[in-house]
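Try each task before reading its solution.

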Amino acid sequence: MPSPLPGSGKPANGPRILVIGGGSRGSAYARAIHSSTIGTVVGIAEPVEYKRNLFISKYGIDALAVNSLVFSSWTELVETDEAKEKIKREVDGICICTLDETHAEIVVAFRPLNIHILCEKPLSTTLDSCIQICNAVTSPSLPPILLAIGHVLRYSPHNMLLHKLVCEEKVLGEVVNVNHTEPVGWWHFSHSYVRGNWRKTSTTAPSLLTKCCHDIDLLLWLLCSPTTMAAAHLPTTVSSAGSLVHFRPSRKPAKAGATTNCFSCPAEPDCIFSAKNIYIERNLNCGNTGWPVKIVVPEIEDALDLKTARVMLEEKLAADYSRDEEQLDGAGEQKSFYGRCVYEAGNDVVDNQVVTMSWDDDFLPSQTGSRDLVTEGRGAKTATLTMIAFSERICERFTRIYGTQGELQADSTTIKVHDFRTGATKVWRPEIDMFSGHGGGDLGLAKAFVDAIDRVKNGGWDVEKAQKEIIKVTPEEVLRSHAAVFWAEDARLGKKVIGWGDWWKVNVLKEV
């Protein structure tokens, strides 16, 4: 196996990672691996030439080498026995950062190669495909591999401290209720879930999955997943309510008439969701050519000046076509809807949703026959998740946790605990990595994945030990948190309260 490039500072036998998908998430993990771990980014599979070349230049990948690991499609890596052997020989792990609906086929294709996998969230877009992935990863007929999932909230310094305080140090006593909010942000929602790739349940998945699967996972991590060898304290019931309130044709201003693009709309100057307002006034004119502007025009970061960048952006935003023409453009990507009227984008995902989960007491066996003794840390409790599009905050989550001995308030930067016993209030401000997304969670996940591979490859650890002690989430937990999203969606669509046990048997275990 070839060594990393001279002068990289990486160990010769360190983990070698190939990234599939060179967009925002693939770049985020690659940047973290390259800058802050002992791993080396050795390859890229990306269909868009500009993104592929940019990735190559950033991470020093030799595209002309005999054993080059540069591909225009992930299928090239597994289409022949020779290609498969090359990947098995030269790659230790892959990061799957493609569109959500492609994850399952990629995992299934790579699983026989026994390469460790980091998959961006969500795991997949249907419950059946999530089950398929977990079954493939845990197949007893193949050697075990590591699975990391892009639930980056688990890996930020802020949330790791939150979990330690609540679940290990039990500063609140017995947790009674958690109230967690994901404020998506008024313009962020319009960018990603009205105009962007995640606007339709039929082509991707519900917004609760694509935006909030790691918020559901955070709640289960705090309330369900064991901190010792004890079995998980499973939830009992779920209910959910939510709808698409605003981004629909009936809300379109009358002044807009039949126009479908912001650049030809008479109502545009008064519309806060104007593409001109969001992408040009609020971002490009402030000097930002990164996200979300580069999502509209990836090449804009290479523009010679702001004037050139504006011409590039306006040209892309002004393009308009029928909603029925959702097809690939010349570069192999879906046609851009980023200049489209938000009331004419054809989205159907909800813009607000509340999920309520409950847990029952977990009783210890009693010799006296009494059922009053509750297992420590496994008492009855409730949790709510609120996802809201219409917020000033942009994904700056905030949480309140109520316990029998204290109350905790947390936002994206601060954790405050009031102790009922002493009357004291203590504040923590965990260090935030400003160069890593999700409060350092992107770096935390990437480092855990690389370190786990290194322990298995060079440290003599078995996969199960590295999975539990370094990645710190099992495939079973990954499946459970994804299943809980579909559970909540079933409750919302059916307008009912659904029990966990029977639902799990029917939908996951397939026991009718």
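Does Leu-234 count as buried, partly exposed or exposed?

**Solution.** Keep in mind that this is a predicted model. Start with the cut-offs: buried is under 20% relative accessible area, exposed is over 50%, and partly exposed is in between. Leu-234 has a relative accessibility of 38%, so it counts as partly exposed. Now place it on the chain: Leu-234 sits in the loop between α9 (213–223) and β8 (237–243). Setting aside residues up to four places away in sequence, Leu-234 touches Cys-224, Trp-359, Arg-480 and Trp-500.

**Exercise 1.** Find Ile-432 and work out how accessible it is.

**Solution.** Look in the loop between β14 (425–428) and α13 (441–458), where Ile-432 has its place. Its relative accessibility is 31%, so Ile-432 counts as partly exposed. Next, list its partners: leaving aside neighbours within four places in sequence, Ile-432 is in contact with Ser-412, Thr-413 and Gly-439. For a distance check, take Leu-123, which is 309 residues from Ile-432 in sequence and 26 Å from it in space, C-alpha to C-alpha.

**Exercise 2.** Describe how helices α15 and α16 are arranged, and say which residues meet.

**Solution.** First find the two helices: α15 covers residues 475–494 and α16 covers residues 500–507. Their axes come within 11 Å and cross at roughly 105 degrees. Angles of 65 to 115 degrees count as roughly perpendicular, and α15 and α16 are therefore roughly perpendicular to each other. Now for the contact itself. On the α15 side you have Leu-479, Arg-480, Ala-483, Ala-484, Phe-486, Trp-487 and Asp-490, and they meet Trp-500, Trp-503 and Trp-504 of α16. Sorted by class, this contact has eight nonpolar, no polar and two charged residues.

**Exercise 3.** How many residues of α7 are buried, and what do they pack against?

**Solution.** Helix α7 runs over residues 186–194 and is mostly covered, with nine of its nine residues buried. Walk along the helix and you'll pass the buried Trp-186, Trp-187, His-188, Phe-189, Ser-190, His-191, Ser-192, Tyr-193 and Val-194. Those residues pack against α8 (207–210), α10 (275–281) and α11 (293–296).

**Exercise 4.** How many cavities of 30 Å³ or more does a search of the whole structure find?

**Solution.** The search turns up one. The largest cavity has a volume of about 110 Å³. It is lined by 15 residues, and the closest to its centre are Cys-262, Cys-265, Cys-271, Cys-341 and Tyr-343. By class, the lining has 10 nonpolar, three polar and two charged residues.

**Exercise 5.** Track down two cis peptide bonds and two residues with positive phi.

**Solution.** Begin with the cis bonds:

- Lys-121 to Pro-122 is cis, with omega near -10 degrees; Pro-122 lies in the loop between β5 (116–119) and α5.
- Trp-291 to Pro-292 is cis, with omega near 0 degrees; Pro-292 is in the loop between α10 and α11.

Then turn to phi:

- Lys-170 has phi near 50 degrees, sits in the loop between α6 (157–168) and β7 (175–183), and is partly exposed at 33% relative accessible area.
- Lys-472 has phi of about 65 degrees, lies in the loop between α14 (463–471) and α15, and is exposed at 52%.

Note on methods
Residues numbered from 1 in each chain as written. Predicted model: local features only at pLDDT ≥ 70, side-chain atom pairs only at ≥ 80, totals over all residues. Heavy atoms only, no water. Axes fitted to C-alpha atoms, helices over the stretch in contact; angles between N-to-C directions. Helix = DSSP H or I, 4+ residues; strand = E, 2+ residues; numbered from the N terminus. Parallel < 35°, antiparallel > 145°, perpendicular 65-115°, else oblique. Contact = heavy atoms within 4.5 Å. Nonpolar A, V, L, I, M, F, W, Y, C, P; charged D, E, K, R; others polar. 1 Å grid on protein atoms, 1.4 Å probe; cavity = no way out; pocket = protein on both sides within 12 Å on 5 of 7 lines; lining within 4 Å. Points joined across faces, edges and corners; volume = space filled by probe spheres on them. Buried < 20%, exposed > 50% of the residue type's maximum accessible area, 1.4 Å probe, protein only.
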